[in-house]
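Keep the sequence and the structure in view while reading.

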Amino acid sequence: MRKQLLTSCLLVLFSCIHISAYANPNLPDLGGSGFSTLTPEKEKILGDVLMRQARGSLPMAYDPLLDEYINALGNRLVANANDVRFPFRFYWIDDRNINAFATLGGHIASHTGTLAISESESEFASVIAHEIAHVTQRHIARFVEAQSQRAPLTLAGLLGAIVLATVNPEAGMAAMMATQGAQAQAAINFTRSNEQEADRIGMQILSDAGFDPHAVPDFFRRLSERSRFMNQQLAFLQTHPLSQARVTDTRLRAERFPKRYVPDSQDYTLAKARILARFQHKNEDVVTIFKQRLQQPGGNTRANQYGLAIAYLDAKRYAEAEKLILELLEKDEYNLYYLDVYTDVLLGLNRANDALEMLEHHYRIRPNNQVVTLNYANAAIKAGGNRLAIHLLKNMLHYKEDNILAYDLIAKAYQNLEDYARFYEARSDFFYQLANYPRAIDDLQEALNHLSSSDKLESRRLEAKRRQMQAEFDRLRRM
């Protein structure tokens, strides 16, 4: 597990530096061997390419509801931060371990296990605020600059392994495992001063955003106690070293802020229930777990009812899931968490037309919401309305062009229509979003193979797209 964590974090931190210069023809010139001029503009561009590659390498959790929640929470915190140089983007990693990390350009990811273990929204927000502080203080960018100046050959070796991972994933992963263990550890563990600075600034961000700063030492204390009774150190404590002095410093710093009671938002409680039901426990145990939670004193909450509804849905106990979710919708008819589950219940009951009718109404109210749009498109595909789904998804991709689920659904719609040229192009776009060049290029060639001789204009467009992608990949392999 530790090696997997090291590999994942190294890939996230470093893969952008060399590869991205070739993945985007509009990248600024980074200069020679050093990155002493890694400006915020360059950092943003590199970070954007970084996450495209990370999405193809890490077990991302693609869930539109959870995506909406973490980005709403994250941007609330960013709005109360200083030295913000670019828009931030927040992601989920499907991992039960407790951890979170920041990368170049304002990209921040949290393991699903981090929210699952948190006991309040302030606790979870404190982790995100800490990572935001790492970005605003340019800790990662400064590390990259310093590392390239101090040990260019070591850094080059590491980057070469990561380039190899893009071209040949199995060989690349093996190479990264063997590359300079001490440097690898340094890449993950921020210096003590950086951690202290992120603690200090993150706590201020947390307070200014209306959360309880005392959640920080509370969270640290529980993590330390939890780690004490485990065979190995928690992932969070590996990547965020937690000395007793740091715990004490955090507790003393929190005492400068007034203790405040901050009730958890409904979105937090529902997001946590969704993670517990879908990502944290074994499927066969989830029904029992939520039934037990509902029977505990004070446990009969909407969040636990919602979690049980998900458990019934995933167990294909559709009648029981429908009964629960309709009771919740009666109290809150526009709640997206409930609508999402109800859509899947209706589809499970082969009532796709009922789902379409419901979602058409909500789409008119919130046409730009990804939860509504993706559910509407999925229901349309199930009901045979593939052209409607394509229309919805293309509109969505105009304003959310990196949505993996949208590319996947649009490919399915074209496949159902037996429009294989557009199916393979959509699938190529899907793999390109994951920086999987070989699959993306192969699918573009397949798209070309399915065009008729009369489709000359379309053929020229796809051929130009294929050549551009091939040129990017060829430059990668020559590095």
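## Overall picture

A residue counts as buried when its relative accessible area is under 20%. The model is predicted, and of the 479 residues of the protein, 55% are buried in this sense.

The protein has 25 helices and three strands. Among contacts between residues at least 6 apart in sequence, 66% join residues that are at least 24 apart.

## The sheet

The three strands make up an open sheet in the order β1-β3-β2, with mixed pairing. Strands β1 (89-93) and β2 (100-103) are at the edges and have a single partner strand each, so one side of each has no neighbour in the sheet. On average, and with direction ignored, neighbouring strands are turned by 20° against each other.

Strand β1 runs parallel to β3 (residues 107-111), and five bridges join the two. In one of these strands, β3, H107 is the bridge partner of R89. The charged end of R89 also sits over the ring of Y91, at 5.1 Å from the ring centre. Helix α3 (residues 64-78) lies across β1 and β3 and runs at about 135° to β1.

## Aromatic pairs

How many aromatic pairs does the count come to? The count comes to twelve. One of the pairs is formed by Y306 and Y338: their ring centres are 5.9 Å apart and their planes stand at 50°, so the pair is tilted. Are Y306 and Y338 buried or exposed? Both Y306 and Y338 are buried.

Y363 and Y376 form another pair, with ring centres 5.4 Å apart and planes at 55°, so this pair is tilted too. Y363 is in helix α19 (residues 352-365) and Y376 is in helix α20 (residues 370-382), so the pair links parts that are 13 residues apart in sequence. Y363 and Y376 are both buried. Elsewhere, ring pairs link Y69, W92 and F124 into a cluster.

Methods
Residues numbered from 1 in each chain as written. Predicted model: local features only at pLDDT ≥ 70, side-chain atom pairs only at ≥ 80, totals over all residues. Heavy atoms only, no water. Helix = DSSP H or I, 4+ residues; strand = E, 2+ residues; numbered from the N terminus. Buried < 20%, exposed > 50% of the residue type's maximum accessible area, 1.4 Å probe, protein only. Contact = heavy atoms within 4.5 Å. Phe/Tyr/Trp six-rings, centres within 6.5 Å; stacked < 30°, edge-to-face > 60°. Lys NZ or Arg CZ within 6 Å of the ring centre and 35° of its normal. Pairing = 2+ DSSP bridges. Axes fitted to C-alpha atoms, helices over the stretch in contact; angles between N-to-C directions.
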